[in-house]
Each structure stands twice: as C-alpha cells, then as structure tokens.
Amino acid sequence: MNLDFGRSLDRISKLPDSVLCHILSFLPTKYAVGTSILSTRWQYLWTSVATLDFNDSELFNKRHHTNGIGDAEVDLRFTNFVNTVLLVSDVSCLEKFNLKLESLCYFGIVKAWISTAIKRNVQKLELRYSARHHFDGQIPIQLPHMLFICKTLVDLRLNGNISLNVPDSVWLPSLKILEIKEVIYENGDSAHNLIHGCPALEDLHIYRLYFDKQKVLNISVPTLKRLVLIRLGDDAHLLFSDYDGESQHKLIVNTPKLEYLDIADDVAAEFSLENLSSLLDARINIGPCFSGSISSSNLLKLLHGIAKVKFLRFSSENSDDYVLPTINPLHNLTYLELQDVNEGWNVDLLNVFLENSPNLEVLVLKFRSFIFGFLLASVVCWITLCFEIVLLLVLVAACFVYLLGTGVYLEEEHRRVTMDLDFGRSLDRISKLPDSVLCHILSFLPTKYAVGTSILSARWQYLWISVATLDFNDSELFNKRHRTNGTGEAEVDLRFMNFVNTVLLLSDVSCLEKFNLKLESLCYFGIVKAWISSAIKRNVQMLELHFSAWQQIPIQLPHMLFICQTMVDLRLNGNISLKVPASVWLPSLKILEMEEVIYENGDSAHNLIHGCPALEDLRIFMFYFDKQKVLNISVPTLKRLVLTHRGDDGNLLFSEHKLTVNTPKLEYLEIEDYVAVEFSLENLSSLLDAWPCFSGSISSSNLLKLLHGIANVKFLRPLSLVFTCVKPDQGMNIFCIDNNDDYVLPTINPLHNLTYLELQNVSDGWNKDLLNVFLEYSPNLEVLVLEGSIARLSDRPWSPPPQVPSCLLLNLKEIKYLKFSGDKHEFEVIEYLLKSAEVLKNMIIFVSIQIAGVY
C-alpha cells in the first residue's frame, strides 16, 4: 500500500527531458553526472545539460585525501573528469561554463577546456584561478586567441592568476557583461583593447592592483550602463614604484548611457569623468596617489563629472591644508553619504556639498576611530619595509660573490659551447622546414611520439596539435613502463584515458585525416563512444577501431557514425557492437572493413553496406554464429570484395546461410566461405581476379551459378572446393565426398579471359575431375598452379580428358605444383601435363614431405 502510494507521487518521472535538464543546470556538474546511476532514462540525460560547473576543491580532494591519495592523483582524476565530461557532452550551444581552480597543475590543459567551450558557442564563461603568480610563483593561465573573437559570448568573468595578453583585433559583438579581477595585464594596451572590442558592453567590473602595467585606463563605451572600478595600492610598495615625481596613473571615463558608477581608487592621480548625462547612482572612494594628494583641479573634474547624480556616496583622503574646489550646484542630488567625516578635510568637504546641494533630502555621515589603526598599520608597514631592505642587501651580496667566483669559468665555457652550437646549427636542416611539412612528418608517428616532440623547443611545443592524424594504442602508451614501477591497472587505464582526452581537447585540427584507436584494456567501453564522436565532429576521413577484449561489454558506436559526410575509410575490428539503424548515409565512404564484429540484428550488415553509395572496397570477416543469415551485396560502385565466413563443423548441419553478390564494376573477388550453402554471383562483367575457397554442402546447380558468375575472370586463384555430407547412421559426423563417383560435374561456359588458374586439393578425386573441366573450357590459359593436399589422398584413378585441351596445345607456358606428396595419382597428373603441354617453358614442383629421404 505504501509503495503504491509512493509511486503515485512520482511526478518527476513525468517531466520532459528538457525540464529535467533545466533543473540539473542549477547543480554543479559532479552532481548532475551523479544522476546517471538513477535509472536508464537518467544515464545520459546529463549530457544534454547546457551548463557545466567545475570546481577542483569540491570534486575529489576531501574524500580522496582522507584515503591517503596524493595531490598528483587527485589532480589527474579531476583533469580526467573534466576531459571526459567535455567529450561526452553533446550540447552544441553551451549556456554557461564555470571553472574554479585552486590546484597548481592545470595551466596547460585549461586553454583546451576554454577552447572547447568557445567551440560550443558558450554564452557565459567564468574562470577563476586562485594560485597567484606574484606570491606563489605559478605560471598564469593562458587564454586562447579564439576567446577574443567569440561571437556568442554574453558574459565573461576572469579572476585570479590569468594572463590577459589581448591582441589588437578584438571582436565580441554579443558581450554585455565583463568582469576582470586581479588578472595579469601583459602589456599597457590589454585592458583598452578588450573593453573597446565589445560594442554591446553594458556592465563592466574591473578590480586591479598597483603593479598593473595599465598606466592610463580609458573607458569610452557608448553602451555602458554600469561601471565598477576598484584599483588599490599598497603604501609599502608605493615607495618602490616607478614614481618619478608625478604619478602616471590616469582614469578617463566617457560613457553617455552610464547609470551606475562605483570607483575605489587610491592609485590614480588624475580623473576625467565626462559625458555622464545619464548617471543616477555613484560611489566614489579616492585616496592618496603615488604623488600624495589629488590636485584641486583634478578633484574639480571629478565632481563636475558627476554633477547630475541623484545618489552619491563619497569618501576621500587629503591633507588639512588642501584648497577645496568650487563646484557647480548639484541640483539632482537627493541622497548624500560621506565617510570619515571626523577627518578635517572631509569635514570641510561636507560644507561644500551642503552649500551646493539645494534638493538634498537624505544625509548620512560615517565617522571612524583611526588613531589605533593608523599606528598599527604604520608599525607593520615600517617593519615590513626594513625586512625587505635587509633581505635585498643580502641577496645582492650573495649574487656578487657568486659571479665573482664563477666569472672566469663561465667565460671559458661560453667559448666552448658557442663553438659547439655553431657547428650544430650548420647541420640543423629540419628547423628550416615549414610547419606544414613537419606536421606531415609527425603524422606518420603514433600520437605519443608526436606529443613527445613538444619538449624539443618553443617552436615544437604546440606543433603537434596541428597534426591531422591521431593514433592511440593503450598497450604501448603507459603499460610497460608503469607496470614495472608497480603501478596498478586502474591507474594505467586512468592515465591512458586522460592522455587521449587531453589530446582530443588540445588538438585544433578541424579536418582529421585519420583516427586510429587500438584497445586491449577492459575499462574503456564507456568513453570510447565519446572519443569516436569527437573524431566525427572533426570531419574524420579514416576511422580505425580495434578492441580485442572479448570478455567485456562490447563497444557501442555513436549514431552519428552512420551519417558521417566526410568519412572515406572505416575499419572495425573486435568486440564492437554493430547495431546499424535503418537509415544510413555515408556518401564519401569508399573503404569498409568489418572483422569479427558483433551484428546485433540480421539487417546490420545489409543496412551499412547499402548506405554507402560510393563504396569501392569491402572486406568482411564473419563467424557462423552471426545473425546475418542472408548476406546480399549489391553495390554498383564496388571494385574490390574480400569475404571470409568461417564456421565450426559442429554447427554446419544447421546452417541456412546464403550469399548473393551483384556488383557490375567488381574487379577483385576473394571469398573464403565455410558456412554458406547457396551462392549467387551475378553481373560480374568487370571481374579480373578471383580467389574463391568454399567448403560445405553445395549442390551442382549452386556450383554452376558460382562458376558462371566468374566466367569473365582473368586470374583465378586459389580455387578450393571441399564438400561435405552426412552419413545417416552417424548423426552429426562430417566426412568428405571427394570419392563420390556419382557426383555430376557442371557444364560451364568457356572462360575465354582466363590466363591464370590456381587449384587447391588437387589430390582429392573430385577436384582432379574439376581440373579437366577448367582445362577444357579455358582456351587461353597460360599459367597453371596446382596445390596438392596432404590431409586427404584419393584412391580413385584420374582420367585425363578424352582430347587434349587447346590451352595445352597453344598457350600453357608455366606449371607449378605445390605441396607434392608423391602420390601415384599426382604423378599421373604431372605426367599428362608434361606430355601434352607443347609450348610449356617452366615446370616447378615443390615437395612438402620427406620422400625416400629427400625433401
């Protein structure tokens, strides 16, 4: 009763997927991914969530650190988690990408993560990296160039140890919100270039420090409505600034639509606030600049700039003898808040505001007790200053002693190294090659070696990401080295997954020539689908997948594989589930190879083959237990066909397999079939070379169809026909009917084009009779290759043709007999051929067993 009542209240299951994805978008990604264990419906639901929120301090650290796992593995697990989510996610328009990092190991891969988000048309990008460069000595995160030309970005927030090296050309047409906090400006134009490359910017928030290279900050944005600017200095560091008597820091604001202004600045000495006709609310907090106090004229510019403000919160620090400016009346001002009024300068400033604010309605005055705080700050400041001076003197002295002691050695070593380098440069020809040639060379290497070249020099560092070939093999990448060091299978698998994920995210190739993936491990079937999808999204031309772990769950192929427009070559091998939809469209596919894959239904092979209108080369390796009972290959464009269909003798009795081939342009045919009981080879008018090999129970009519199908062949090799039947009294025992004298040989059409013939198992009585048929109906035969069988020897005497075939009289020039066993019937065949072949030039016999002590 209670369970039934609970089910009646399960309303969330009735919600559509779009609503559930919207709910999941409010959760951190780790919790959204966690819902995949709830049920089959929830398994991949999170992959459609348009918000990604990662935080390394919350994902693995707490739980794993308590288990004794080190920081390196935690970092590896977090990197692998982000990589996997980005690859599996199928959202093409990302609403939000939030990344918060506290670790120190991610600066290399973060650039790829950001690029991936941008490629998915991200609207809001928030990046926070709290490992400070100046205090921790960490390398800052580098932003990809494509960030500055993203057309979909609406909200951009950057915080922490991030290098802002902005190019001259910036175009962010949709950006409305920009927040930059404590980032590192690589040059004096970075902030200016970024701000003025946003024509739709409405909200700008900048938090800067005294050591920024931005001396002049000019904010002239016609669309800006909200501006928050915080630039703070440190009194202890101001003494060591590049101060030459006058501060170089200036602030210029020209924003006609600005409604809200918040400035906290104790660095700039000059302010210019112009064209603020729409300003309603202002918060101004200015302090002493590098040069000391703000001049009367600059303060006057500041107050005149906010003359039309309605709400004003104002705070400033200056000396008591400062000359107060005469300002214009503030007719719109109705709310005024002054801080630090107990300081003499601000008390006088209160009088100025009261005299020039006729419509003031609310006045808020804030006092503070600053004597103790001032004394404490002064003591700390001077202690810090003295310590830094002493430390600086010690470092200078140490450097002087070191240089004095090693100067002579360095000079001699410099001469020797210079000579070696000059000689090496004269032989370094590879550095002169263009990047395109180097990438082509790297494309012939496995990806692990291509990536390894990144340590060679600065030029090679990112060269591999432009290589259009990706080749992964888990048995070669980490296994040998790590297993010898005692590393477990799980960590090796994790490192391999992380390597593949990282390469796929960093690679900037939009048209992938080849993607090769060979797996022997047992843990990848879940992520492989994402790897394949990533390759297809990059317009892959050749896809090769090999999975040799047969005891595991088979790899599932993504649906987009069967509608890939660019794929030319597809090769599938091993424990791969081939569940082909009814609608397949691979317009560019020319080569298709399927070996030992698992056909989920009887139409899989048929649907795949007939969905390739340009197919030219088809190779299929199948087993008896495949669900493909009838294989119909009717492809007008096919030129090459290789089909291997093997069975187990114990299962042949129940076989119902049939093979139909209808390919008018086929030139090469290789068939090895031990299962099919019926063959139909039709419309093979272009066939030149055939390698048929059959075993099983076959009727004379089916054999006739087979031989008629290859009537136009020029080279026939090796033709092997081994037939079986059942003895009624022995149930499932299988035996050959090689000596079945009443078997009726077919009458075939003349093979006028046949010049090369190879027959196997000629020592079997039936095949010796078939030899006569081919000799009689192949008038232009020039080369004959016969292969004996040591497994079966026929006691039935061979009868030569009643008349010498015309090929023996006119054209046969070479005979090879392979695996000669010394059987008397073999001697009969050889004797007849030697006597009858009048234009024979070469007769070669290869002995397979010891005969009378001679090989």
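Author: Two strands are said to pair if DSSP finds at least two bridges between them, and the strands themselves are DSSP runs (E, at least two residues), numbered from the N terminus. The model is predicted, so that local features need pLDDT of at least 70 and side-chain atom pairs count only at pLDDT 80 or more, while totals for chains, interfaces and linings use all residues. Residues are numbered from 1 along each chain as its sequence is written, and side-chain values use heavy atoms, with hydrogens and water left out.

In the open sheet, three strands lie in the order β22-β24-β26 with parallel pairing. Its edges are β22 (555-556) and β26 (598-599), each of which pairs on one side only. Strand β24, residues 576-578, is joined to β26 in the parallel sense over two bridges, and S577 stands opposite I598 of β26.

Not counting residues up to four places away in sequence, K665 touches P636, T637, L638, K639 and S686, where contact means heavy atoms within 4.5 Å. The C-alpha atoms of K665 and S686 are separated by 5.3 Å, although the two residues are 21 residues apart along the chain.

How values were computed: Helix = DSSP H or I, 4+ residues; strand = E, 2+ residues; numbered from the N terminus.
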